[in-house]
Amino acid sequence: MRAYALRRVILAAPTLLGVTIILFALVRMLPGDAVQQILGEYPGYASDEDALRKELGLDKPIPQQYLSWVGHVVRLDLGESLQTKRPIVDELRMRAPVTFELGILAIFLGLCISIPIGVLSALKQDSLADYAARTLSVGMLAIPGFWLATLVITLPSIWWQWTPSPTYTRFTEDPVANLGHMFLPALILATALSGTLMRVTRTEMINVMRQDYIRTARAKGLSNYVVLIRHSLRNAFIPVITVIGLQVPVIIGGSVILENIFTIPGTGRYLLEAISKRDYPVIQGINLLLALVVIFTNIAVDLSYSIIDPRIRYSR
Amino acid sequence: MLEEQAGTFSYVPPASSRFRVLKRSSQFLVDKPLGGIGAIIIAVLLLMAIFAPLIAPFPYAENHISDRLQGPSLRYFFGTDASGRDIFSRVVYGARVSVVVGFGAVSISVFIASVLGIVSAYYGGLVDTLIQRLVDIWLSFPSLVILISIMAVIGMGLSNLTLAIGLLLSVGFSRVVRASALTVKGNLFIEAATTIGASDMRIMFRHILPNVVPTIIVIATVQLGAAILIESSLSFLGYGVPPPRPSWGGMLSGSGLVYFTKAPWMAVFPGAFITLAVFGFNMLGDGLRDALDPRLRGSR
């Protein structure tokens, strides 16, 4: 298990290298007048163009620039924000947990919605309820999160003069207020996710319920409940976890939009602030962090198979 | 004379290809009612986009200052916005952006994904490893995040947007094409083609490609919905289609938010159309998946 985990991490190294090259190139792809634009946006930053180039390390040869950037990244130094001159890592340390909380909450809510409906849909295959659930799942996938969020903010305020609180409270200060603020955006993020999860749960449950060992479990007189939970759901869960892993980038993308609408000070909001201010080091840093999250989620998903499915644990 | 005779007496296939397409399409509508509904939604959407100037009662940028923020009425079906523009007309014209970006991006995606996927599957070995590692790298970026970042660097605009969405969609797509092409590659007729000395290009694009087409059609349909969703998200954030041109996502963004509590129709209709369009493509994709490629059934 440990050897496998190690091998999996080593295999991620080339991907990680590629990610840094792309992000490095992205900022160098800026049109030629970008330095002037930065100077226009931040007049106090440097005395003239040459000084700014030097400040940003743009005066050295490209390979040297790359190596020095990676060198800093490895030492957890993502540089400074052009706008605030604060270290980007410090800012991310404040904001990443917020986005993480939102994402975890969304996955939790997504599972709460999709597993019961997916299982029901599979048990009552081709019934009216099944059709309703399947149509619902396609519908949930089609609704754009930003529209749902706009409606959730607009309509209740028209009907009941109720608006979600605009001020964000940190979880450490007041957990209840924090969860209250996070609930709606998490639920909206969970909508599209549960659309996907419902379909997977249904398909997998239908497959699993046809297996011989389910018949065996029933034949030896186990209760429906035990067959359903211990024998079926556990086996159907592996593909569900895979799909959750695959949906992590989608959740991150959605959180960019929802953090902005619900004024949540997470990484997504930071990204949009940075983009509107042309704060390129910040854009680079956030992309790197989020790509890392995706890469390590994939590893975690692979490792989790071996926890859920003993066959995988022993064969490796 | 002789030709005429030959024509009259010659063997006519039971259903000429044109009729077969018609018959199969109508059969599809009967067999897959949900897919049929999707097809109809998309047909309406396409007609809206093509005939926008004929359908829209007003030019999309025409201000009716005295009629600001009016609710839906017979004159303004979907109401008016803060500068008195007819929302129905803007929604109709907005279909153009969705259709152009959607089909443009997916054409790019189909082309790149087919080439990458088939080449990767056919050559295998080092070529495959190299291409797949590149795909891995791109799949590590959350698409919306990297797209906004790319748009911030290359600048807004319809063609940049289409290109960026297309490139991004092609990455995941190429994986599916590769998997499908690998199955086809194992067939005897590929071995036969190799034996008679067909060139690599010929095998890849005359023998493998046609057999991968069903998969490509299914995924491309679903991606059309995805492309429209991504375009509208970017336009909503202000990094998509630049203003005077109306896009469904853009109509929901920024300055509008202040007015939505007074004029909810400003928010309701454009969003409903995004949902409808994506729903239509997803439904059609599901139907096509069952009809064309049973192997993909249940996968997503």
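Read along the sequence, chain A runs α-α-α-α-α-α-α-α-α-α-α-α-α-α. This is a predicted model; local features need pLDDT of at least 70, side-chain atom pairs count only at pLDDT 80 or more, and totals for chains, interfaces and linings use all residues. Residues are numbered from 1 along each chain as its sequence is written, chains are lettered from A and ligands numbered from 1 in the order written, and side-chain values use heavy atoms, leaving out hydrogens and water.

**Exercise 1. Describe the secondary structure and extent of chain A.**

Step 1. Count the elements. Chain A has 14 helices and zero strands. Helices (H or I, at least four residues) and strands (E, at least two) are DSSP runs, numbered from the N terminus.

Step 2. Take the box. Along the principal axes, the C-alpha atoms of chain A fill roughly 80 × 60 × 35 Å.

**Exercise 2. Find where confidence is lowest and highest in chain B, then in chain A.**

Step 1. pLDDT is the predictor's confidence in each residue, from 0 to 100.

Step 2. Read chain B. Its mean pLDDT is 82, and 89% of its residues reach 70 or more. Helix H1 (residues 2–9) of chain B is lowest, at a mean of 44, while H5(B) is highest, at 92. Over residues 1–10 of chain B, pLDDT stays under 50, and the model has one contact (heavy atoms within 4.5 Å) beyond four places in sequence for them.

Step 3. Read chain A. The mean is 83, and 92% of residues reach 70 or more.

Step 4. Apply the caution. Where pLDDT is low, the predicted coordinates should not be read in detail.

**Exercise 3. Characterise the packing of H8(A) with H9(A).**

Step 1. Get the geometry. Helix H8 (residues 145–159) and helix H9 (residues 175–209) of chain A pack at about 145°, with axes 9 Å apart. Axes are lines fitted to C-alpha atoms, for helices over the stretch in contact; angles run from 0 to 180 degrees between N-to-C directions.

Step 2. Assign the hand. H8(A) passes H9(A) in a right-handed crossing. Right-handed means the near helix is turned clockwise from the far one by less than a right angle; anticlockwise is left-handed.

Step 3. List the residues. A:Gly145, A:Leu148, A:Ala149 and A:Val152 in H8(A) meet A:Leu184, A:Ile188 and A:Thr191 in H9(A). By class, this contact has five nonpolar, two polar and no charged residues.

**Exercise 4. Account for the interface between chain A and chain B.**

Step 1. Take the area. The chains bury about 3,700 Å² between them, 79% of it on carbon and sulfur atoms. Buried area is the accessible area (1.4 Å probe) that two parts lose on being put together, summed over both.

Step 2. Find the salt bridge. There is one between the chains. A salt bridge is a side-chain nitrogen of Lys or Arg within 4 Å of a carboxyl oxygen of Asp or Glu. A:Arg199 pairs with B:Asp286, closest N and O atoms 3.2 Å apart. A:Arg199 lies in helix H9 of chain A and B:Asp286 in helix H13 (residues 265–292) of chain B, so the pair joins two chains.

Step 3. Note the scores. The predictor gives the complex an ipTM of 0.83 and a pTM of 0.85.

Notes:
Ala, Val, Leu, Ile, Met, Phe, Trp, Tyr, Cys and Pro count as nonpolar, Asp, Glu, Lys and Arg as charged, and the others, Gly among them, as polar.
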